[in-house]
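Open the model in your viewer and keep the selection panel at hand. The stops below say what to pick next.

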Amino acid sequence: MTTTKRYASLDSRKKNPLTKTTVFLMTYLVILAVEYIIIIAFYDKIPNVIPYQWSSTFQIEQTAKKSILTVSFIPVIQTFILVIFVAVNKLVGKSRIQILASEPLESLDRIEKYRKFMSKFLFLIFLLVQLNLFLVNMMICFQTQLFKYTLILGMALLFLVTIRQILKIIGLDNQSTSSSYKSLRVNEDNSGWKNSWLYVNKEDSSFVIEKRYGFGYTLNFARFESWIFLLFVILIIVGILIFSFVVM
């Protein structure tokens, strides 16, 4: 029985840098600045009662009184989303480097390109989510039909871009370079994998690894860092719920 050796390059994370945290932060600050400039400039035109829940046909179901807190509800969510996306982008950079002994340079190149692709994908989704939330807040504050239809278009664009990127990475887009990704993908052994989707391996020091099937990353649930990250996400969700309860 032969064993396939794997090698890791400690310099690989420096060759193709991920999207910088400052890019996420500056994008967020620009959108937030525009948002607050509009709200402050036209605060008197905002109705005294602000909707915050709609039906599937955009009929208002729940409302709240106008205040600085109520118009700041969406920006607070945007801040939480910034934190989550920056954290996930950092995790992509810390994912396990696993290289085939038979094709070390090719597989290393694939890993670097894949990380860079995923980081750009995260930023694109982050940008679209932030823009959609901006439109949501404008619709909440000013209740105009223009923002409603623009929001529908924005959500459709977010969906289409996400599907497009997924097709590229799984190799259904002939114009993408994902064929090299598929051919050079390292085949994991069975150790650590539970039902092919849950990874639990105490011997593996990495807590972020590529998924065995599909695309993206998963956590090594034998590492305490994975549970800390999950707790971090849960706390953010709980924080949003508490803030919404206090404000609304």
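**Before you start.** This is a predicted model: local features need pLDDT of at least 70, side-chain atom pairs count only at pLDDT 80 or more, and totals for chains, interfaces and linings use all residues. Residues are numbered from 1 along each chain as its sequence is written, and side-chain values use heavy atoms, with hydrogens and water left out.

**Stop 1: the core.** Select F24, I46, I74, I81, F85, M118 and F126. Within the largest nonpolar core, which has 42 residues, these touch the most other members. A nonpolar core is a set of buried Ala, Val, Leu, Ile, Met, Phe, Trp, Tyr and Cys residues joined through side-chain atoms within 4.5 Å. Buried means under 20% relative accessible area, exposed over 50%, and partly exposed in between (1.4 Å probe, protein chains only). Now colour α2 (21-41), α4 (73-93), α5 (104-142) and β6 (217-219): each gives two or more residues to this core. The largest share, 18 residues, comes from α5. Elements are DSSP runs numbered from the N terminus: helices are H or I, at least four residues, and strands are E, at least two.

**Stop 2: α2 against α4.** Show both helices. Their axes lie 10 Å apart, at an angle of about 170 degrees. That makes α2 roughly antiparallel to α4. Axes are lines fitted to C-alpha atoms, for helices over the stretch in contact, and angles run from 0 to 180 degrees between N-to-C directions. Over 145 degrees counts as roughly antiparallel. Contact means heavy atoms within 4.5 Å.

**Stop 3: I74.** Zoom in on I74. Leaving aside residues up to four places away in sequence, I74 touches E35, L133, V136, N137 and I140.

**Stop 4: N89.** Stay in helix α4 and pick N89. Is N89 buried or exposed? N89 counts as buried, at 3% relative accessibility. Its contacts, not counting residues up to four places away in sequence, are L18, T19, F24, S119 and L122.

**Stop 5: α4 against α5.** The axes of α4 and α5 come within 10 Å and cross at roughly 175 degrees. α4 is therefore roughly antiparallel to α5.

**Stop 6: the salt bridge.** Select R223 and E225. The structure holds one salt bridge (a side-chain nitrogen of Lys or Arg within 4 Å of a carboxyl oxygen of Asp or Glu). E225 forms a salt bridge with R223, with the closest N and O atoms 3.7 Å apart. E225 is partly exposed, at 22% relative accessible area. R223 also counts as partly exposed, at 22%.

Methods: Angles under 35 degrees count as roughly parallel, over 145 as roughly antiparallel, 65 to 115 as roughly perpendicular and the rest as oblique.
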